[in-house]
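Dear colleague,

Please find below the structure that I am handing over to you. My notes on it follow directly after it.

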Amino acid sequence: MSWKPTPASADRLRAKLDDEFETVAKPQGLRRTSDARSERDADAPEGQADQWQRTSEQRGAARHRRAAAGDGGTSGDAAQARKGPSLKMRAVGYLSRREHAREELARKLAAYAEDAAEVETVLDALEKEGWLSTERFAQSLVHRRASRQGAARIVQELRQHGVDDNQVAELRDQLRATEYDRALEVWKKRFDARPADRAAYAKQARFLASRGFAHDVIRRILGEGDED
């Protein structure tokens, strides 16, 4: 008497054979997520699998653009973050901390402006409104430096900041009128007595000269010294 499989046993046999076939045929290390994705795409209606693929690619491209922009937001948000405060607000911030010469402030703002004309427009407005004054800057600089430096060094700094030559000449004359008294105070804070020999004389003279005091003032304070 031959054995004849029932429908239920035939189904179990086919399932077992399918499992064995998948175990042999499937590459080692293939992730289950990939199988699930493949089954999802296979079961999806015609055209929907391609749509899922395009959506995934679009998301990947968007992440790439955000990484290239250096932040996690949109390109518009990145541009706004880089722009920051307006040019005029930056200028007012600098001027609220201390006085600036026009050229000095222009150099600081140039890094945030698209062109030089934009900077000049802002500076003109600030001068008109009284925020910016190169004359005030020059007077402020002299006031801060006069107790420690001579006329030559202060004049050099004024010129570097683009102060007008006429104002520089006027301030230089004022500084020269008080040069001896200011140099004497600086010398007293550093040295106890006049130099006793040539080496000490040279040391003290170099110190005063490095502060920008005139040579005739230095000789008055230290004495004539010798020819060398």
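Is E99 buried, partly exposed or exposed? At 22% relative accessibility, E99 counts as partly exposed; buried means under 20% relative accessible area, exposed means over 50%, and partly exposed lies in between, with a 1.4 Å probe and protein chains only.

Before the other findings, a word on the source. This is a predicted model, in which local features need pLDDT of at least 70 and side-chain atom pairs count only at pLDDT 80 or more, while totals for chains, interfaces and linings use all residues. Residues are numbered from 1 along each chain as its sequence is written, and side-chain values use heavy atoms, with hydrogens and water left out.

Overall composition

The protein chain has 13 helices and zero strands. Helices (H or I, at least four residues) and strands (E, at least two) are DSSP runs, numbered from the N terminus. Of the 228 residues in the protein chain, 29% are buried. The accessible surface comes to about 16,500 Å², and carbon and sulfur atoms account for 50% of it; such areas come from the Shrake-Rupley method with a 1.4 Å probe, and for residues only the protein chains shown count as cover. A contact means heavy atoms within 4.5 Å. Among contacts between residues at least 6 apart in sequence, 54% join residues at least 24 apart.

Residues in loops

E99 is placed in the loop between α5 and α6. Leaving aside neighbours within four places in sequence, E99 is in contact with E104, S133, R136, F137 and S140. The C-alpha atoms of E99 and T134 are separated by 8.0 Å, although the two residues are 35 residues apart along the chain.

Q149 lies in the loop between α8 and α9. With a relative accessible area of 9%, Q149 is buried. Not counting residues up to four places away in sequence, Q149 touches I154, E157, R182, R211 and F213.

Salt bridges

How many salt bridges does the model contain? The count comes to nine, where a salt bridge is a side-chain nitrogen of Lys or Arg within 4 Å of a carboxyl oxygen of Asp or Glu.

The side chains of D124 and R102 meet in a salt bridge, at 2.8 Å from N to O. This pair links distant parts of the chain, with D124 in helix α7 (residues 116–129) and R102 in helix α6 (residues 102–109), 22 residues apart. D124 is partly exposed at 42% relative accessibility, whereas R102 is buried, with a relative accessible area of 18%. R102 and D124 also belong to a network of salt bridges that links them with E120 and E127.

E157, one of the residues that Q149 touches, forms a salt bridge with R145, and their closest N and O atoms are 2.9 Å apart. Here E157 is in helix α9 (residues 151–160) and R145 in helix α8 (residues 134–145), 12 residues apart, and the pair links distant parts of the chain. E157 counts as buried at 16% relative accessibility, and R145 counts as buried at 16%.

In the salt bridge between R176 and D216, the closest N and O atoms are 3.7 Å apart. R176 lies in helix α10 and D216 in helix α13 (residues 215–222), so the pair ties together parts that are 40 residues apart in sequence. R176 is partly exposed at 39% relative accessibility, and D216 is partly exposed at 34%.

Which residues gather in a patch of negative charge on the surface? They are E135, D164, D165, E170 and D173. Patches are made of residues with over 30% relative accessible area and no salt bridge; like charges are joined within 9 Å, and nonpolar side chains (Val, Leu, Ile, Met, Phe, Trp, Tyr) within 5 Å. Lys and Arg count as positive and Asp and Glu as negative, while His and the chain ends are not counted. The place of a charge is taken as NZ of Lys, CZ of Arg, CG of Asp or CD of Glu.

Helix α10 (residues 165–177) gives the most to this patch, with three residues. Q167 counts as buried at 12% relative accessibility. Not counting residues up to four places away in sequence, Q167 touches T134, E135, A138 and Q139.

With kind regards
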